[in-house]
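Let's walk through this model helix by helix. Have a look at it first, and then we'll get into who packs against whom.

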Amino acid sequence: MDVQSATLIAGGLKYIGAGLATLGMIGAGIGLGILFGNYYVGALRNPSAAKTQQTNLFIGMALTEALGIFAFVIALLILFNAPSL
């Protein structure tokens, strides 16, 4: 295998790795949907308790969203910071 072929393969693998790293954002999206859906159902069942659970909702939202952002940052690091041959 010559150097040009190895460089092309390494570049392609870099894109595949970045794409796989973004799969964490799918989990964050699903997690946020479940989180807000369950909060909405609970707020409809007991509206007086919804205000007390709102803090927990925002903490859970921030942690879930942070995981999605972390996956995105890892994908960007793979794309723009990974050494090529």
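Which residues in α1 meet which residues in α3? On the α1 side they are Lys 14, Tyr 15, Gly 17, Ala 18 and Ala 21, and on the α3 side Ala 71, Ile 74, Ala 75, Ile 78 and Leu 79, with contact meaning heavy atoms within 4.5 Å. Helices here are DSSP runs (H or I, at least four residues), numbered from the N terminus.

A quick word on ground rules: this is a predicted model, so local features need pLDDT of at least 70 and side-chain atom pairs count only at pLDDT 80 or more, while totals for chains, interfaces and linings use all residues. Residues are numbered from 1 along each chain as its sequence is written, and side-chain values use heavy atoms, leaving out hydrogens and water.

Back to the packing. α1 and α3 sit at an angle of about 175°, their axes 8 Å apart (axes are lines fitted to C-alpha atoms, for helices over the stretch in contact, and angles run from 0 to 180 degrees between N-to-C directions). That makes α1 roughly antiparallel to α3, the term for angles over 145 degrees.

Now for α2 and α3 (residues 47-81): they also pack at about 175°, with axes 9 Å apart. α2 and α3 are therefore roughly antiparallel to each other. Among the residues making this contact are Gly 24, Leu 35 and Tyr 39 of α2, and Pro 47, Leu 57 and Phe 72 of α3.

Finally, find Ile 16, which lies in helix α1.

Methods
Helices (H or I, at least four residues) and strands (E, at least two) are DSSP runs, numbered from the N terminus. Angles under 35 degrees count as roughly parallel, over 145 as roughly antiparallel, 65 to 115 as roughly perpendicular and the rest as oblique.
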